Amino acid sequence: MSLRCSGLYLSQFRHTSPHLLASGDGKKGATIVGDVYIHPSAKVHLTAKIGPNVSISANARIGAGARLISCIILDDVEIMENAVVIHSIVGWKSTVGKWSRVQGEGDHNAKLGITILGEAVDVEDEVVVTNSIVLPNKTLNASVQDEIIL
């Protein structure tokens, strides 16, 4: 429900506080699609494509070629080059490695319809995490699907 609520808040901001939403066409900054909030302290590479329904918190770093769709990126997260995050919540101080993919199906009614990474989770390069919940302080060096990692 967090992703659904975040999307509703972002669409409300379009009407009540449009100055809070990011914009960009890929020339001077990242390409922004739909409703996206980027905290002023976050660093987003100009070749990244963000949105729709994305919230990026303080001190997050989004690398070159990254693609974020319908996700919440919390404080101090690093999304490395060419990583993809879809229908997911990425916890504080987590890292998503190069060419990695963190995704959920987006089915809010399913038991594991999204992916949630807890605090300080490290997804290594070229790892795919699908429809999973990962508790804090874990390192993922192999792909996982439909799992709860304690």
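Predicted model: local features only at pLDDT ≥ 70, side-chain atom pairs only at ≥ 80, totals over all residues.
Good morning. I begin with N53, which lies in the loop between strand 4 and strand 5.

N53 is not a glycine, yet it has a positive phi of about 55°. With a relative accessibility of 28%, N53 counts as partly exposed. P52 is placed in the loop between strand 4, residues 49–50, and strand 5, residues 54–56. The peptide bond that runs from G51 to P52 is cis, its omega being near 0°.

N59 has a positive phi of about 60°, and it is not a glycine either. The position of N59 is in the loop between strand 5 and strand 6. N59 has a relative accessible area of 40%, so it is classed as partly exposed.

I turn now to the charged pairs. How many salt bridges does a search of the whole structure find? The search returns 3, and I shall take them in turn.

In one of them, R14 is paired with D35, and the closest N and O atoms are 2.7 Å apart. R14 belongs to helix 1, residues 2–16, whereas D35 sits in the loop between strand 1 (31–32) and strand 2 (36–38), so this pair ties together parts that are 21 residues apart in sequence. The two partners can also be described by accessibility. R14 is partly exposed, at a relative accessible area of 42%. D35, by contrast, counts as buried because its relative accessibility is 8%, and the cut-off for buried is under 20%.

Another salt bridge joins the side chains of R61 and E78, at 3.5 Å from N to O. Which elements does this pair connect? R61 lies in strand 6, residues 61–62, and E78 in strand 8, residues 78–79, so parts that are 17 residues apart in sequence are tied together. R61 is partly exposed, with a relative accessible area of 34%. E78 also counts as partly exposed, at 25% relative accessibility.

The remaining pair to describe is K93 with E119, a salt bridge in which the closest N and O atoms are 3.7 Å apart. Here both partners are in loops: K93 in the loop between strand 9 and strand 10 (95–96), and E119 in the loop between strand 12 (115–117) and strand 13 (122–123), so the pair ties together parts that are 26 residues apart in sequence. E119 has a relative accessibility of 33% and therefore counts as partly exposed.

Next, the aromatic side chains. The search of the whole structure finds 1 aromatic pair. The rings belong to Y9 and F13; their centres are 6.5 Å apart and their planes stand at 55°, so the pair is tilted. Why are Y9 and F13 separated by about one helical turn? The reason is that they are 4 residues apart in helix 1. In terms of accessibility, Y9 counts as exposed, at 56%, while F13 counts as partly exposed, at 24%.

I now move to a residue in strand 9. S88 is found in that strand, which spans residues 84–90. Is S88 buried or exposed? S88 counts as buried, because its relative accessibility is 0%. Its side chain reaches the backbone oxygen of V102 at 3.4 Å. Leaving aside residues up to four places away in sequence, S88 touches L3, S70, C71, I72, V102, Q103, G104 and T115.

Finally, the surface. Which residues form a nonpolar patch there? The patch consists of L135, I148 and L150, which together have about 300 Å² of accessible area. Of these, I148 lies in strand 18, residues 148–149. I148 is partly exposed, its relative accessible area being 47%.

That concludes the presentation. Thank you for your attention.

How values were computed. Residues numbered from 1 in each chain as written. Heavy atoms only, no water. Helix = DSSP H or I, 4+ residues; strand = E, 2+ residues; numbered from the N terminus. Buried < 20%, exposed > 50% of the residue type's maximum accessible area, 1.4 Å probe, protein only. Polar contact = N/O pair within 3.5 Å; in protein donor to acceptor, adjacent residues only side chain to side chain. Contact = heavy atoms within 4.5 Å. Patch = residues over 30% accessible without salt bridge, like charges linked within 9 Å, V, L, I, M, F, W, Y side chains within 5 Å. Areas by Shrake-Rupley, 256 points an atom, 1.4 Å probe, with all protein chains shown as cover. Salt bridge = Lys/Arg side-chain N within 4 Å of Asp/Glu carboxyl O. Phe/Tyr/Trp six-rings, centres within 6.5 Å; stacked < 30°, edge-to-face > 60°.
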